[in-house]
Amino acid sequence: MQGGQMIVEENAKLSSVLTPSKPSYIQSLTKIVGTLGPNSRSVEVIEACLKAGMSVARFDFSWLDEDYHQETLENLRMAMKNTKKLCAIMLDTTGPELQVCNKTGNPIEFKADSHVTVTSDLSKELCADVLPVDYAELAKMVQKGDTVYLGQHLFTGHETTSVWLEVLEAKGQDVVCLVKNSATLTGSMFTVYMSNVLVNLPTLTEHDKQVISKWGSRNNVDFISLSYTCHAEDVKELRDFLKKQNLSQTQIYAKVETVEGLKYFDEILQEADGIIFGRGNLGIDLPPEKVFLFQKYAMNKCNIVGKPVVITRVVDSMTGNLRPTRAEATDVANAVLDGADGIMLGAETLRGLYPVESIKIVGKICAEAENVYNHTLHYKRIIRHVEEPMSHAESVASSAVRSAVKVKAAIIVVFTSSGRAARLIAKYRPTVPVVAIVTPRLQANSLRWSFSGAAQARQLLGVRGVYPILGSPDDAAPGGSTEEPGLRLAIEHGRSVGLLKPDDRIVVFQKIGDSAVVKIIQVQGQLLV
């Protein structure tokens, strides 16, 4: 297992610790996924989130309806227009999640050492003694000594917001449990999770299919986070379904959050477009001392094959506090040093009191970690695992990153239509931003001609260090040269946001036919090769 072998560079001295961080157009190379909800759905707050560094907006369909999320999405689009900042859309499926419905909304108080009955008999009323769950096979799935967790926003680490139950016996439709900790649960919905118990429900539920076919298709979502992914077949099933919904370009991020998903991680990684490492549920399935081991293993595997990996549950305390704990801040930095592409914020932005501050602080921590990230060690590790003979594109991409380091380039410019070339560059974790000029491609179906490119550009917002710009369709015409206008666009953008200044060097990576080339130019009054 690799990862965690960061060695502080020579220039990372004590003075850098005492010197205030410099503000930058790009908060960090590591991307931030923000979940939009009650405290982060207005146009004004979303604008602030985009300016703070949110690259991907997550819509969690485990609660509320499509109309609510559609209104939030329209606000996001308005915010993007106002700020002139691009943001990708992620639909998060519910999956086989068990829930307790609190129709009254009244707080439910649990006392340690008391007994509570979890039942599949929905005719019974919810109270501190009885918890009705909509799952007929509940009593058949557990046995004495099993652990059951219950909470509205489960496993935040605050024991007063979730209940830990120990199964005493299962009989008929009922599971009698011992309450292990005192807690008060509030809200209209509580999630039930049984540790190390495989629920006999499909990963892609009928509710998920309905949401995807209606809301997902209507909005042409960029990513789908497949909750509770356990096998590669789960990803294949979703991909087949997406094709039927005319969403074949939508990328699938497998959310690995159970021991079952851990067992089949390699197969899942091979099939998925990216991985979300869901530490909430997995932190229950695994002993606490084992979670970091799988995190490092999973992130190393993703880095080697060049697929994005996103880490969840990092600054839970910021749901109610203005600052993260010291341990949380260190956790964010270690995720970056381990090779994370993105950090996902859930409750912190969904219902937290400080959604914008959460994004800002996480971005600052990521940027500091990137400053001491051992690029040389990562580069050598990736090269060592690349199959030989190395493909032409991979060889040139790795050379482009190495050249950028050697000539101290300000940015790397890469031309791509599918996004693959930009991902190849990002795989080697360059220390500078990668400006991806996404060239639209003319395509046709049985009904009409259209240009692709917008979705591919937005999907690059999930990749560490990559910042996409959509090129002009005119440049994609047969025989047209995309390099000159595309490069001019990249340089103008770099200058306008402060990434480029006179005499800066740029490394350019471009595929021409079956070949791939790298060249170095210098920014002056005009471009010099």
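Predicted model: local features only at pLDDT ≥ 70, side-chain atom pairs only at ≥ 80, totals over all residues.
**Exercise 1.** Classify the ring pair of phenylalanine 294 and tyrosine 297.

*Solution.* Step 1: the ring centres are 6.3 Å apart, and the cut-off for a pair is within 6.5 Å. Step 2: the planes meet at 25 degrees, so the pair is stacked, given that stacked requires under 30 degrees. Step 3: Phe294 and Tyr297 also form one aromatic cluster with Phe265 and Phe277.

**Exercise 2.** Assign phenylalanine 294 and tyrosine 297 to an accessibility class.

*Solution.* Phenylalanine 294 has 5% relative accessibility and therefore counts as buried. Tyrosine 297, at 29%, counts as partly exposed.

**Exercise 3.** A search of the whole structure gives 10 aromatic pairs. For the pair of phenylalanine 59 and tryptophan 215, determine the geometry, the elements joined and the burial.

*Solution.* Step 1: the centres lie 5.2 Å apart and the planes stand at 50 degrees, so this pair is tilted. Step 2: phenylalanine 59 is in strand E2 (residues 54–60) and tryptophan 215 is in helix H5 (residues 206–219), so the pair ties together parts 156 residues apart in sequence. Step 3: phenylalanine 59 and tryptophan 215 are both buried.

**Exercise 4.** Which rings lie under lysine 31 and the charged end of arginine 41?

*Solution.* Lysine 31 lies over the face of tyrosine 467, 4.7 Å from the ring centre. For arginine 41, the ring is that of tyrosine 68, with the charged end 3.7 Å from its centre.

Methods:
Residues numbered from 1 in each chain as written. Heavy atoms only, no water. Phe/Tyr/Trp six-rings, centres within 6.5 Å; stacked < 30°, edge-to-face > 60°. Helix = DSSP H or I, 4+ residues; strand = E, 2+ residues; numbered from the N terminus. Buried < 20%, exposed > 50% of the residue type's maximum accessible area, 1.4 Å probe, protein only. Lys NZ or Arg CZ within 6 Å of the ring centre and 35° of its normal.
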